[in-house]
Number of protein chains: 2
Amino acid sequence: MVEMDDRKLKILQAIISNYMATGEPVGSRTISKYTDLNLSSATIRNEMSDLEDMGYIIQPHTSAGRIPSDKGYRLYVDTMLQKKDREVDEMKELLVDKADRLETVLKQVAKLLAENTNYTTMVSKPRYVHKKVKFIQLTLVSDTQMLVVVVIDGNIVKNRFINLSEPIGQDELPQMNFLLNTALNGLDLTEINMALIHKMKEQAGQYSEIIGMILDEIAAAVSEEDDYLYTSGATNILKYPELSDKEMATKLLTTFEEKAGIGSLMNLNNDEEHGIQVYIGEESNVEAMKDCSVVTATYKIEEGVYGKIGIVGPKRMDYQKVVNTLENTMKQLDDIFKNKK
Amino acid sequence: MVEMDDRKLKILQAIISNYMATGEPVGSRTISKYTDLNLSSATIRNEMSDLEDMGYIIQPHTSAGRIPSDKGYRLYVDTMLQKKDREVDEMKELLVDKADRLETVLKQVAKLLAENTNYTTMVSKPRYVHKKVKFIQLTLVSDTQMLVVVVIDGNIVKNRFINLSEPIGQDELPQMNFLLNTALNGLDLTEINMALIHKMKEQAGQYSEIIGMILDEIAAAVSEEDDYLYTSGATNILKYPELSDKEMATKLLTTFEEKAGIGSLMNLNNDEEHGIQVYIGEESNVEAMKDCSVVTATYKIEEGVYGKIGIVGPKRMDYQKVVNTLENTMKQLDDIFKNKK
DNA sequence: GTTAGCACTCGCTTAGGTAGAGTGCTAATT
DNA sequence: AATTAGCACTCTACCTAAGCGAGTGCTAAC
């Protein structure tokens, strides 16, 4: 078994850089000419043969140059990346009005990142797992229509209309309002159970039917999951020949459109995963992305509330740039959310 | 100049049907064999030559069969379509909970249509042009945070949070509420002008600053345009070779993703356009769709409130099926919205 | 350990050649 | 006068062979 040494590492790095830049397999002569190693192509060939035995590079066919294998990229990302903290062309400062809604901010971030990197961006909005009712407000919009506003954790506001079969007196409304708030405040969905509902209906007396309807709507509003994943720049993948053949492109674009099967990547599973993660090829465990790499970063809105940003590109993506850009973006997002607090 | 006659029409129809089914240019022998005209290929050839002179069909190259021109499709759509009211495989009934939000219904419709037709669906949510304030509700969520709920035309609800620099007494809130509702009710954005704002601030006395902030938020909430266009099945276009070469596909998919430049198609311009419209090729006036056809239909939520559904496919799309499916869908939507009322 | 040299491999491009589908025209047929 | 059979012609799609060039692996010399 051959050992890795410094020279091999340099050659591997040269192969990877070159392949990233051109997308073409890299031959021994190219390395010999364009590095400062001052070795002949024959020597490089021997080294390359070793690197191939070790599994870091691959030959697409007998008489072609070499391209990095997943293992090669992995080594590159793990050891070579952090060494040089190359300058990134500064990404446009996020022009975010602080009053803006979270969704707008996230969509804007996704768009900017996609434009800046020429890869595809996915952003997940944080989901509050144990959503607690913070505040309920009933109002009559007309004689027969009631508006229920529910504020839940994280200041998420949900609205529901209820059509009334018969008018309610304006006086009864504050009572019901009070009843609901006292009973439900601070509870999450699992705690709004049958017993509680029954008890509340009893207290409501003649309005028990309406209270029932309202409770239904509140439950629906709280449990409602709206879209929590955005993508931007999906068509960017068509810029990379290795991803744009019909079958591959269809799979990828469908995944982006339907947001199916990327939960494992874009949900936060355990707290270790904070920071920036790189998934090369099959590491992402997403079938459609087995020929892609994905870089994800976690952002924090407030304590315990996290979302993720993912950038999808070809395996030969510019990891350095993507990682730097993401770090930069995280900083900006931090600022925004801190000021918002 | 040659005249159109019944036989030519039949031949044209045969060419179009055949081309729609196969996507391949149609030759004279095919027509001669597979129609009940009992004419030799030579005769068909002469007729086809005439049809080409008249502009209804095109020869991709000298020794190929013919394909329909835009003019040919137009004639087909205008005159031949309505004749046979062919059965469509019944589309799954829309499983719509009446309490569901409009957005959910529309997204579901888009998805079903895309799946059913194998083309791409675009849906526009109606936009209320002169949005009038119907109702305003202020509530304190905490000492320093106020929630402003604004209900506008069409029961659209907007929420905004305002951070207060100093607490407000609970007593003042109803006053401000009353003031805002009396002053703004029934007004649209253009009517909330400087003079009015000035007057209100005066009335508000010591709370003029807060009233100013609230008015800002109301203006922002009312004028805010959220996404009003959904697409589904964008990747379906990749199923049609004539649309899936790289350049074309990129243009189309980008258009679907960014929803740029399709406003002219998906907005309601004048009231004549109700019902079903077919745009062939450049008729849609959307650059990216010049090799596509688009079929649009208008749905009605309530008097004066309309939205549009558009189906985008290759020019040889199955117009009959698309039109029938859309008609069917419109009926279902009508029912849903009627019951919701 | 490194390098020059060489035979060899294999994909890519080019050129030529063929088959097949389809046409347009002309002359014969109905 | 309309239809049809027949035929020469056109053009694409497909195949094959040849040659190029980039690249390799191996051997022998440095």
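Me: In this predicted model, how many residues of chain B are in contact with chain A?
Reply: In the model, which is predicted, 22 residues of chain B are in contact with 22 residues of chain A. On the chain B side, the elements that give two or more residues are the strands β4 (133-142), β5 (145-152) and β6 (156-163), together with the helix α9 (246-258).

Me: Which element gives the largest share of that side of chain B, and what classes of residue are found there?
Reply: The largest share comes from α9(B), with six residues, and by class the side of chain B that touches chain A has eleven nonpolar, eight polar and three charged residues.

Me: How should I read the packing of two helices, and what is the angle between α1(A) and α3(A)?
Reply: Two packed helices are described by the angle between their axes and by the distance between those axes. Here helix α1 (residues 6-22) of chain A packs with α3(A) at an angle of about 90°, and their axes are 10 Å apart. Because of that angle, α1(A) is roughly perpendicular to α3(A). From α1(A) the contact is made by A:Arg7, A:Lys8, A:Ile11 and A:Leu12, while α3(A) brings A:Ile44, A:Glu47, A:Met48, A:Asp50 and A:Leu51. By class, this contact has five nonpolar, no polar and four charged residues.

Me: Which residues are the closest to DNA strand D?
Reply: Of the 20 residues that surround DNA strand D, the closest are A:Gly27, A:Ser28, B:Ser40, B:Thr62 and B:Ser63.

Conventions:
Residues numbered from 1 in each chain as written. Chains lettered and ligands numbered in written order. Predicted model: local features only at pLDDT ≥ 70, side-chain atom pairs only at ≥ 80, totals over all residues. Near = placed C-beta within 6 Å. Axes fitted to C-alpha atoms, helices over the stretch in contact; angles between N-to-C directions. Helix = DSSP H or I, 4+ residues; strand = E, 2+ residues; numbered from the N terminus. Parallel < 35°, antiparallel > 145°, perpendicular 65-115°, else oblique. Contact = placed C-beta atoms within 7 Å. Nonpolar A, V, L, I, M, F, W, Y, C, P; charged D, E, K, R; others polar.
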